[in-house]
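Here is a protein chain to look at.

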Amino acid sequence: MTPNIQRSEMRFLLGQGRYLANQPLDGAAHAAFLRSPVAHGRITGCDLDRAKTMPGVLDIITAADVDEAGLAPLPCLADVASDERWSASLPPRRLLASERVRHVGEPIVMIVAETVEQGKDAAEAIDLLIDSLPVTVDLASAIEPETPSVWPERPDNVALDFEAGDRSAVDQAFAEAAHVTRLRLVNNRIAMMPLETRNARGAYDNENGRYTLRSGTQGVHNIRNVVSSVLGIDKKALRVVTDDVGGAFGLKGMAFPEQALTLFAAKRLGREVLWIGDRSEAFVTDNGARDHVTDIALALDEDLRMLALSVDTLANMGAYLSNHALNMPTLVYGRVMGGVYAIPAIHMRSRCVFTNTPPVDAYRGAGVPEAIFAIERIIDIAAGEAGVDPLDLRRRNFLKQEHFPWSTPAGYAIDSGDFAGALDRALELADWQGFEVRSHASAARGLRRGRGLAMSIHGTGAGISETALVTAEADGRITIFSGVQSGGQGHDAMLAEVAAEVIGIDPGMIEVRQGDSDLLPRGAGTGGSGSLVVGGRAVAAASARMLETAKQRAGDLLECSPVDIAYDAGVFTVVGTNRSVALATVASDMQGGCTGSGDFEGDHRTYPNGVYISEVEVDPETGRVTLASLCAVDDVGRVLDLARTDGQIIGAIVQGVGQALMEHDRHDPETGQPLSGSFMDYAMPRADDVPSFRLAKHPTAAPTNPLGTKGAGEVGTVGAPPSVIAAICDAIDVRHIDMPATSEKVWRAVRGTAPIT
């Protein structure tokens, strides 16, 4: 462990993390919200008189106040939203509801009080009248003609109907196929639930006319741009600061009403306004994730070559379109559609559907786990129907070196990977040949053992632009200013490693500053496993440019041409002489130190991939599933820090296992009320739910990335779910079982008392 990693991590171990909820109040008032108790209804009355007289109440804000001030709705920023081919429906997502509510938890009134308890008491004193309307919750039936409309202008509830690939080629291939396998499967809705809930602290400075928002985010510049547009101000008039973040997973990359409203309230009141969401609010206001119903079909020829893949998906958007929601089941979904296989004809259709549930957006993997789950499940089932080994079917159809670059339906190009080699390594790691011995041992204890394998691939770092500044200080230290935002992953230490390698110094001499929109003109933040792929490249470029600038100045100090100067480990030396000058000395001779900038934009996509093998034991008497082992062999390119990389992979695997076995964010189909509104009802994996994982790496070069790295933070959510479900199906001998494979669902499947597709 390097000194820099020790320093950046030790403060958390010592309880010195700087999270928003831990910071001094300093006179801040507290925000609370009256939220909709129904999933769909017309607001017919909202009497505030009693609430206004409640102790401690400072201000009450309604939709009328927001409208009078000219605040705009939250925007949909998805790339496909502006594409005329798809005719997207973009209904407004107002900060506060006025005439109609469309999901339980939608904010209606904001109360500002001296304490949060006083604010909540005042919210309960508001006399709210809502006439309930019919709800649409079930995704599979949401597009049916008789289903109630969430938005009158879209009676079919379809926000966007997206297609990619070659439909005619797929139709022809299916007509000529020797074998066709079809499956309908569900990718269950997930609640993101980071340890630290969403939050916002708004302030307004009358003297300079600037707002300051402190909030746990995945990138201050993205939030600044969205929130400033909602407030109707120049983005330079808003500073966004993010200190330590206790987990994000995609949730905190999006803007939410509370961020703009705390700023609006702070200006009205002349005091800072703080909102810390509680866990109950999170279940009804945070973005959900996944939530697909997919019909998938695979066509094979007589030699078991894959001819064509057809995918037709319904993707839940919730009642409103979150910032980037439309991209996930369309462009991102299509980025890897086809997986690691040379399928010549693919057609995919994704209908993004409104329902009376909270919005859905990116969550760790963001569209890719959904795609790979569908592909890997249909391959297993096709192999069973064709009477061949699933391993053999995969090997026959792997993309090989001569196929690269391989175009996917959404127009992306897979550029690298050794899938056969990774599979061989994984089979060895998992002791594939020893399975029968373990199976017999399980049977002797009355348990059924099964194994499942899934190939994974992810497209990371796509469509992201990033900026970095690197400054050499007079005291010998290096400061990095980066738009990347750590949410607990330790990005600061990794970026320091990148700069240290370029500059040739100890990373302990490097400080990384992030989370302040005033430090850099722009920044992409963290998302899509692009922090090292994109942010690291920006830091490397900035470090190199800083050295080039310093070299020019060193030439002046050494009275020679810069071409005659060599650099090594913090020292510039005139070639062939003992004349030298330290980088720190050069920096001290330059006002403000020596700075280099790195802007990185364009297409920097990398394709991490891997093989995941799970073994489970199922108790047929109770349906209980125990994950006995999970092995993963990942190609994440060059690994800069193995422990940190494995930590990211393990965290993602556990989240994938959670989705496969227990997590399900459910709503009552008749009322839209949340059925999993707390951790009493929403199961998340604990330490004793997972074994110690066996991990290995099988790296290949990343052609688009000079650092050689590929994103690693999401690979586990891609590979774990299909391998776990495959193992369960193998153990209980069923064709397919939808996630989550709860004990009851498995118990019924063993007895054949529930339809199993």
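Q: What is the packing geometry of helix H6 and helix H7 in this predicted model?
A: Helix H6 covers residues 220-231 and helix H7 covers residues 257-269. They pack at an angle of about 55 degrees. Their axes lie 10 Å apart.

Q: Which residues bring H6 and H7 together?
A: From H6 come Ile-223, Val-227, Val-230 and Leu-231. They meet Gln-259, Ala-260 and Leu-263 of H7. By class, this contact has six nonpolar residues, one polar and no charged ones.

Q: Why are H10 and H18 described as roughly parallel?
A: Helix H10 (residues 368-386) packs with helix H18 (residues 715-732) at about 30 degrees. The cut-off for roughly parallel is under 35 degrees. The pair therefore counts as roughly parallel. Their axes are 8 Å apart, and H10 passes H18 in a right-handed crossing.

Q: What makes up the contact of H10 with H18?
A: H10 supplies Val-368, Pro-369, Ile-372, Phe-373, Glu-376, Arg-377 and Asp-380. H18 supplies Thr-717, Val-718, Pro-721, Pro-722, Ile-725, Ala-726 and Cys-729. By class, there are ten nonpolar, one polar and three charged residues.

Q: Where is Ser-87, and which residues does it touch?
A: Ser-87 sits in the loop between helix H3 (63-69) and strand E4 (100-101). Leaving aside residues up to four places away in sequence, Ser-87 touches Arg-154 and Ala-159. Ser-87 and Phe-162 are 75 residues apart in sequence, yet 9.4 Å apart in space, C-alpha to C-alpha.

Q: How do you know whether the protein chain is as compact as a globular protein of its length?
A: Start with its make-up: 19 helices and 28 strands. The radius of gyration is 27 Å, and the globule rule gives 27 Å for 757 residues. The two values are close, so the chain is as compact as a globular protein of that length. The C-alpha trace spans about 80 × 80 × 55 Å along its principal axes.

Notes. Residues numbered from 1 in each chain as written. Predicted model: local features only at pLDDT ≥ 70, side-chain atom pairs only at ≥ 80, totals over all residues. Heavy atoms only, no water. Axes fitted to C-alpha atoms, helices over the stretch in contact; angles between N-to-C directions. Helix = DSSP H or I, 4+ residues; strand = E, 2+ residues; numbered from the N terminus. Contact = heavy atoms within 4.5 Å. Nonpolar A, V, L, I, M, F, W, Y, C, P; charged D, E, K, R; others polar. Rg over C-alpha atoms; globule rule 2.2 N^0.38 Å. Parallel < 35°, antiparallel > 145°, perpendicular 65-115°, else oblique. Left-handed = near helix turned anticlockwise from the far one by under 90°.
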